[in-house]
Amino acid sequence: MFDFKYRFQWRQVINNLPAMLDGAWITFYTALLSMVIGIVIALTLLSMRRSNNVALRSVAIGWVSVARNTPALLQIYFLYFGLGAFGATISSWAALLAGITFNNAGYLTENFRGGLRAVPETQTRAARSLGMTSFQAYTRVVIPQLLRIVFYPITNQMIWALLMTSLGVVVGLNNDLMGATKALTDLSYRTFEYFAVAAIIYYVLAKLTFGVARLAGWKLFSY
Amino acid sequence: MFSTDLTSNDLIFLVQGAWVTIELTALAMLIGTVFGTLFGFVRASFPTASIPLAFVLDVFRSVPLLIQFVLLNSAKSIVGLKISPFTVGYVVLGVYAAALCTEIVRGGVLAVPKSLRLAARSLGLTSLQDTLHITLPIAARVAFPGWLNLMLAVMKDSALVTWIGIIELLRTAQQINTRINEPLFVFFIAGLFYYVVSWAVSQLGNQAERRLQND
Amino acid sequence: MIEIQNVHKSFGDLEVVKGVTMNVNKGEVVSIIGGSGSGKSTLLMCINGLETIQRGSIRVDGIEVHAKGTNLDKLRRRIGIVFQQWNAFAHLTVLENVMLAPRLVLKLSRSEAEAVAVKQLKHVGLGDKLKVYPGRLSGGQQQRMAIARALAMSPDYMLFDEATSALDPQLVGEVLDTMRLLAEEGMTMILVTHEIKFAKEVSDRVAFFHKGVIHEIGSPDQVIGNPQKPETVQFLKSVL
Ligand SMILES: Nc1ncnc2c1ncn2[C@@H]1O[C@H](COP(=O)(O)OP(=O)(O)OP(=O)(O)O)[C@@H](O)[C@H]1O
Ligand SMILES: [Mg+2]
C-alpha cells in the first residue's frame, strides 16, 4: 500500500543519548526554576490582588489575564524580540525562562486564589490576635496551609512547565532536550528516531515529576 | 508621535493568519470533541477495561505538542503519505484535544448521579434512551465550561504549528516583524487577537458556570 | 485595667455597638450575656483592635487602643482572645501551634518557646498531645489548645468569645474547667457566654447586652439572680 523504503536507524540515537540526557537536565532545571520564581511571584500577585491600592491590583489582574489569555509562545516571542527592541539583548534561554515564569505565575495566581478561599479568614484573625504582624500571619499561617491545598495544581503546572520548555527551540535555544535533539537531527536527518526518543524522555520526565511530587506530598502534608 | 511601517496589506495578512488559526482550532475541536465524547463515555462506563486507552491518551498529554507535530510530519514522509502540513497540524491538535476532552467528558458523566440513571431505567427507558435523554444532557452541562477552556487552550496551542511551516497568526506576525522590525507593536496586535477571543469566550464560560451553579 | 468609654461601632449603616461604657479592673472576671446579634463579639474585637470604632475610646492600661500611633501588634500580646471557633493552625502540631507566636512575636529561642508551650499545654491538660496534629483532637481539646496558645504569650487579659458554643455538650465541661482554673488564678477576663450558670459562678460582675448597649450591669446575684429590667428577665427565661 505504502511505498515503504525507510530504514530506521536507532544506533546513532543511542550513541547520542548522553547529549540528549544533558539536555533533559537543562529542561528539568529550567522548568523547576520557572516554578520556584513563578510561585514567589504568584504569592506576591495574590497579595497585590487583595490590596486596597488600585494600581497594585490592576497590575496583578492584568498579569494574570494576559498570561492566561495569550499563547505561551507569543509571550516568549514578546520577551525575546520585544526586549531586543529596547536595545536589551536577551539570550534565548533567558527569554524562555522569563516567558514560562510569566505564564506560570499567571496560572498559579488563579490556583492560589481558589485555594485561599479554602483557608478561613478566621485563621488570619487568630494569628493577628496573638500579636503577629499581617506579614507573619500570611507567611507562617496562611501560606503553609495554602500550599497543601494547591500542591496538586502546582504539580500539574510543573509538568506543563516541563513541556513548555520545548518552546525555547523556536527562539533558537539549542542545549535543552528539545534544542539538543533538533541540533542532532539537523546533522543527521534522522528526525523521526531522534524525536521519538526525545518524546520518551519527556514522558519519563513528566511521570517521574508526578511520582516524586506524590511521594513528597504524602511526606510533607501528613496532617 | 507614534508612527509605524505597518501597512494595510500587513493587516490583511494578519487577518488571513488569524483565519488559519480559527480554522485549525475549529477542525481540531471537531476531532477532539467527537473522539473525546466517545472515549469519555467509554472511560466512565468501563473504568478498568479502558485503562489501556487512558494510558495512550495520557501519553499525548505528557509529550510536548511541538514534538508531536514533528513526529507526525516526519512519519508521513516516511510512509509516503501525501498530506499537507496543515492536515498534520489539525490532526495532531485534534488528537491532543481528544485526550484532554476525554477527561472533561468523563468528569461530566461521572457527575450524573447513578440513582438518576436507575430512576430513568426504572421508568422503562432503554439504555440508549437513558444515555441520549438523561445522561448526555446533564453531563454536557457539567462539561461545558471545561470544554470552552479546552477550546481556548487549543487555540493558543495552535500557535505552535508555526514550527512545521504553517502560516497562522503568530507566524504572519513574525514575518511582518522581520520586515518592519517593530516587535512590540506587531506582537501586540497578534496578542490582542488571542486575548480578545480568549477573554470573551471565558466570560461566556463564567456566565454558563454561574448559571449552572444557580440551578 | 480596661476602660471602655462611650464606644460606638457601625458596619456601614448598621450601628452594632451604640455607646458602651464599662471598666474592667485588674483581676476581675466580667461576663457579658445577651441575645444573638446584640454586638457582644464586636465589642470584644474592638478591645484588641481587630475591629475599628467610630466614636468613644478604649484604653488598656492607659494605652489608647484606637489612637493612630498605637502599635496594635504589641498591644495584642497583652490581650489573649479565644474564639468560638478554635482556629487551630492545621499545619502545625499542638506544640508548634503554641510555640509559633512566642517565637515570632516575643522572639524567644526554640527551647525557651518550647518550655513555655509545654508548661501551658500541661496547664490545660494536653501534656500528652504535644506531637499530635490538631485534626486528630476533639473540639474540646482543640479549644483548650487555643487557650494554651493565648496563654503562652503571658497576656494580662483574656477575652473569651463563646468559647464553648461550638462544642458538643459533653465537651463543654472540660473547657469551662480550664476557664474556671484561670479565674481562680486571678487572670483578668471578659467572657462572652451563653453558659449562664457558669457566668454566675465565676464572674465578679455580669453585663447584660441588648441591642448594642449595656442594659444592666452588676453582681451575678443582682443581674442573674434578681434582674430589674423586663428585657433581662425575658432573655434569662429564654436561655435558662
Ligand atoms: N464584619 C461585619 N460586617 C457587617 N456586619 C457585621 C459584621 N460582623 C458583625 N456584623 C453584624 O453586627 C451585629 C452584631 O454582631 P455580633 O457578632 O457582635 O453579635 P453577637 O452579640 O456576638 O451575637 P452572637 O451571640 O450571635 O455571637 C450582627 O447583626 C451582625 O450581623
Ligand atoms: Mg458573637
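Helix 2 and helix 5 of chain A cross in a right-handed manner (the near helix is turned clockwise from the far one by less than a right angle). The model is predicted, with local features needing pLDDT of at least 70, side-chain atom pairs counting only at pLDDT 80 or more, and totals for chains, interfaces and linings using all residues. Residues are numbered from 1 along each chain as its sequence is written, chains are lettered from A and ligands numbered from 1 in the order in which they are written, and side-chain values use heavy atoms, without hydrogens and water.

Helix 2 (residues 17–49) of chain A packs against helix 5 (residues 92–116) of chain A at about 45°, their axes lying 6 Å apart (helices are DSSP runs of H or I, at least four residues, numbered from the N terminus; axes are lines fitted to C-alpha atoms over the stretch in contact, and angles run from 0 to 180 degrees between N-to-C directions).

Turning to chain C, the residues around ligand 1 include Phe11(C), Val16(C), Lys40(C) and His194(C) (a heavy atom within 4 Å). Helix 1 (residues 40–47) of chain C supplies the largest share of this shell, 3 residues. Polar contacts (N or O pairs within 3.5 Å) reach oxygen atoms of ligand 1 from a backbone N or O atom of Gly37(C) at 2.8 Å, and from a polar side-chain atom of Glu162(C) at 2.9 Å.

Note on methods:
A polar contact is a pair of N or O atoms within 3.5 Å; within protein, one must be able to donate a hydrogen and the other to accept it, and residues adjacent in sequence count only if both atoms are side-chain atoms. Helices (H or I, at least four residues) and strands (E, at least two) are DSSP runs, numbered from the N terminus.
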